[in-house]
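Subject: Structure handover

Hello,

Here is the structure I promised to pass on. Please open it and keep it beside this email while you read.

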Amino acid sequence: MKLPKGTQRSGLVRRRVATGATAVAMGAAMMFGSGLTTAAHADDSATATGIVLGVGASESQRVVSWYTSTGTPQVVQVAPTAQVRGGQFPQNTVTFHATVAANSVSGGYNAHATIDSLRKNTQYSYRVGSQGNWSSTYSFKTQEFKGDFDFLFYGDPQIGSSGDEAKDAAGWKDTLDVSLAANPNAELLVSGGDQVQTANTESQWNAFLGPDKLRQYPWAATIGNHDVGGKAYDQHFWTPNTDRSAAYYKGDPATQSGGDYWYTYKGVLFIDINSNAYANGADEAHLNYISDVIKKHGRDAKYTALVYHHSIYSPADHANDSDNKQRRQDFPTAFSKLGVDLVLQGHDHSYSRSYVIKNGKKANAAEQPGADEVVQGPGGVIYVTANSASGSKYYDLTAPDTTQDPDYGPDPLNPKNHWANSVENQEHVRTYVKVQVRGNKLVVENLRSGTCAAPNAAVELGKVSWCGPNDGADAAPPVGSVVDKVVVQPYHGRPDTEAATESADATAAPAGSDWLQ
């Protein structure tokens, strides 16, 4: 598509993109000349805090969210970094209007704006606020809009859960620094939920949002059980294509946070659900949502990844929670029939990687524990549980207990583990998960982002009595070392059901990705 005259330099054009029920309210408008709306006056004394870069509906979008001290009109200014000289944005800077709403929890206001029509392989600078009241300037970089990419998955920072917010924040920042220093070209930061310990405690949110990496790389938020208890999560994050119906909340949508959402990125269809919503038919609603998204958008995806907080194949404290026992019956067969490739979960503050699971059973009885390469076959799904990314809290692995759930007993090949899990690990050190998306494979790695040394709040504060592999018998390996790695050979043949047909015959390029080619 030929761009309108005057927009070739920035690559940002006027375009409305459907990003859920609020797309019209959040619609981005571009302004030339001063690059500002007439409603944003120099005497507005708004102060912006908690700025976070979020994932958009596609590769060419980002969402910026922030808190502001006043309800005056707010915008995001965006320009290619090469055009920002001496800290000054160019005269024709593009402006995206924000939706501003009053905070129901802590006072002040929250703002969200979608940056649209970004160009590939471009470094952008942005700031939020209004004329005379700009925030600091931050930057992010787009990459190719098709082909291979890496993303990073983080489990339960849960700032405040150790009882020491500062120590938790130090571990969280260090994991972000370590993981992105090792993977500077990672394109998404995917959340496993529980950003904070207490849903409406702003000091915890401030600590979580403190690292500048969260303003440089897009954060794909997931809601955890510690986030759902108030409106702060919804106020701090705005996600694309979000259904905020009551079915996707736990409790009253007026006072709780929630919603299910989806986005596509370079051939991967990501679907994120609020697993806190469990009772009163919520699981059926979630499955209907997932099925509908795959039917409508699966053809534009080579892989489908589900993300939610409560790990159904938990290896530790939550292994036999009532919701997990029920969901081990509700979810796996549906996921197999829908052609899901990868399920990313948190909640259990420990690491696990499943065998290839089909219809709630091990697909290949001969698959060995810890295998470094697996073949999914039709209906095969890999489930991953992420350990703590901050070190604020760890849960020790639990032995399979058939008295609690007769269907979640020991693995015949490794009786210490639950039957579903090829790998279960807890060393009381911080880790993160790296996923490499390739045309013919997925590579999943669990990597150490810390050791037994600080920052590691649970160890520092004596919340755990040992640290290191083999229940502390061995010294902790160095930062960056591999806990687990598997190469997944996916299945791209004909699916088993009509519902899954819509997610097969996939291509690597998401619809609309040629806008700025």
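Below are the findings, from the whole protein down to single residues.

First, the ground rules. This is a predicted model, in which local features need pLDDT of at least 70 and side-chain atom pairs count only at pLDDT 80 or more, while totals for chains, interfaces and linings use all residues. Residues are numbered from 1 along each chain as its sequence is written, and side-chain values use heavy atoms, with hydrogens and water left out.

**The whole protein**

The protein has nine helices and 27 strands. Both are DSSP runs, numbered from the N terminus: helices are H or I with at least four residues, strands are E with at least two. Of the 517 residues, 60% are buried. Buried means under 20% relative accessible area, with a 1.4 Å probe and protein chains only. The exposed surface comes to about 18400 Å², and carbon and sulfur atoms supply 49% of it. Those areas come from the Shrake-Rupley method with a 1.4 Å probe. Now take the contacts (heavy atoms within 4.5 Å). Among those with a separation of 6 or more, 74% are between residues 24 or more positions apart.

**An open sheet**

Seven strands form an open, mixed sheet in the order E13-E14-E15-E16-E21-E17-E24. Two strands pair if DSSP finds at least two bridges between them. The edges are E13 (261-265) and E24 (421-425), and each pairs on one side only. From one strand to the next, the twist averages 15°. Inside the sheet, E16 (residues 342-346) and E21 (residues 382-385) run parallel, joined by four bridges. Leu-342 has Ile-382 in E21 as its bridge partner.

Helix H5 (residues 282-297) lies across E13, E14 (268-272) and E15 (303-310), at about 160° to E14. Axes here are lines fitted to C-alpha atoms, for helices over the stretch in contact, and angles run from 0 to 180 degrees between N-to-C directions.

How many of the eight residues of E7 (residues 123-130) are buried? Seven are, so the strand is mostly covered under the cut-off for buried. E7 has these antiparallel partners:

- E9 (residues 138-141) pairs with E7 over four bridges; Tyr-124 stands opposite Phe-140.
- E8 (residues 133-134) is joined to E7 by two bridges; Ser-130 has Asn-133 as its partner.

E7 and E8 form a hairpin with two residues between them. Gly-132 in that turn has a positive phi of about 85°.

**Rings and charges**

The whole structure holds 26 aromatic pairs. Rings of Phe, Tyr and Trp (its six-membered ring) pair if their centres lie within 6.5 Å; planes under 30 degrees apart count as stacked. Trp-172 and Phe-208 are stacked, at 5.2 Å centre to centre and 10° between the planes. Trp-172 is in helix H2 (residues 165-182) and Phe-208 in helix H3 (residues 202-208), 36 residues apart. Trp-172 counts as buried because its relative accessibility is 0%. Phe-208 is buried too, at 0%. Ring pairs link a cluster that includes Trp-172, Phe-208, Trp-205 and Tyr-432.

Two arginines sit over rings. The charged end of Arg-244 is 4.0 Å from the ring centre of Trp-238. For Arg-328 over Tyr-408, the distance is 3.8 Å. The rule: NZ of Lys or CZ of Arg within 6 Å of the ring centre and within 35 degrees of the ring normal.

Best wishes

Terms used: Buried < 20%, exposed > 50% of the residue type's maximum accessible area, 1.4 Å probe, protein only. Phe/Tyr/Trp six-rings, centres within 6.5 Å; stacked < 30°, edge-to-face > 60°.
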